[in-house]
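Here's a quick briefing to read alongside the model. Have a look at the fold first, then go through the notes by topic.

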Amino acid sequence: MNEVDILVIGAGPAGLAAAGYAARAGYTVMAIDQLAPGGQLLLIDEIENYPGVPLTKGFKLAEEFERQAVDFGVRIEYSGAKSIKKDGDVFVVTTEDGDVRAKAVIAATGATHRHLGAKGEEEYAGRGVSYCATCDGPFFRGKKIVVVGGGDTALTDALYLAKLSDDVTIVHRRDEFRGQKVLSDRVRNNANISLKLGRNVVEIVSDDGRKVSSVLLDNGEKLDTDAVFIFVGIRPNSSLFEGFCELDPSGFIVTDEKMRTDVPGLFAAGDVRTTSFRQVATAAGDGAMAAHMADSYISGMGK
């Protein structure tokens, strides 16, 4: 059985930032993840809005997160967490490789963007297919853009993209938007946005096999485009914590502004928690705060 001061579940930007801060404060720290460290960064082709870092590849920034955490003394293990419980003041997390006991736990398991399931979607992810307007929108300034979805996120991000391009088309499977009326009205009154309602994207096409060139709709219509932004929902990776801590109706972990959950000693950071803005920079900030509060919590136990 492994025993550490702080266990971080998830090794994306939030998890690695939390682990690094905690290790630098002198704690023994283990971070576990089923996949390679980096989380959503590994799915981003290029990133240009992480403060202080020039345009770089997502996997390269992930490598820097990992390298720094390891240099601070973080132990990273490739293992999935299967269950979590509390034994007195100590957390016991059962992983694929055995139990880990920790004085504090930081949940940084992230979230997963829901996909359309359209042909070509997976193939051209990062090459014109995106799930984050603020991350990738500036790469398509002045280009043709298709937005898929009809909820608040789709409408808000369509309005953001319409500031970058005068050729934005929203494709939504219903005849009415699901988002707030005020957002719907703004979209309908925006001269840079056109609508294709009651339609589904069935295929994302590339003429050269390298980047997106068009989309096909279920009525046979073809829309030329340089980018497809898909906003059909996001699913938190929070099943481990069901019944253990408070989740909101969508399954995100509820925290206060200091990343504290309703379970003493359990903190959450990044995309898995209830928050209004999900970016690499905000995830890293969450991680730093979670580590700081874990330090305060353990110090109060007599470290």
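Let's start with the open sheet: 5 strands line up in the order S10-S17-S11-S12-S13, with parallel pairing. Strand S10 (129-130) and strand S13 (193-197) sit at the edges with a single partner strand each, so one side of each has no neighbour in the sheet. Strands here are DSSP runs of E with at least two residues, helices are runs of H or I with at least four residues, and both are numbered from the N terminus. Two strands count as paired if DSSP finds at least two bridges between them.

Keep in mind that this is a predicted model: local features need pLDDT of at least 70, side-chain atom pairs count only at pLDDT 80 or more, and totals for chains, interfaces and linings use all residues. Residues are numbered from 1 along each chain as its sequence is written, and side-chain values use heavy atoms, leaving out hydrogens and water.

**Inside the parallel sheet**
- Strand S11 (residues 145-148) pairs with strand S17 (residues 227-230) in the parallel sense, over 4 bridges.
- Ile-145 has Ala-227 in S17 as its bridge partner.

**Antiparallel pairs and hairpins**
- Strand S6 (residues 81-87) and strand S7 (residues 90-95) run antiparallel and are joined by 6 bridges.
- Across that pair, Ser-83 stands opposite Thr-94 in S7.
- S6 and S7 make a hairpin with 2 residues between them, and Gly-88 in the turn has a positive phi of about 70°.
- S14 and S15 are also antiparallel, with 4 bridges, and Ile-204 has Val-215 in S15 as its bridge partner.
- S15 is joined to strand S16 (residues 222-224) by 3 bridges, again antiparallel, with Leu-216 opposite Lys-222 in S16.
- S15 and S16 form a hairpin with 4 residues between them; here Gly-220 in the turn has a positive phi of about 90°.

**Loop aspartates**
- Asp-207 is in the loop between strand S14 (201-205) and strand S15 (214-217).
- Asp-207 counts as exposed because its relative accessibility is 65% (buried is under 20% relative accessible area, exposed over 50%, partly exposed in between, with a 1.4 Å probe and protein chains only).
- Asp-175 is in the loop between strand S12 (168-172) and helix H5 (181-188), and its 57% relative accessibility makes Asp-175 exposed.
- The C-alpha atoms of Asp-175 and Gly-198 are separated by 4.8 Å, though the two are 23 residues apart along the chain.
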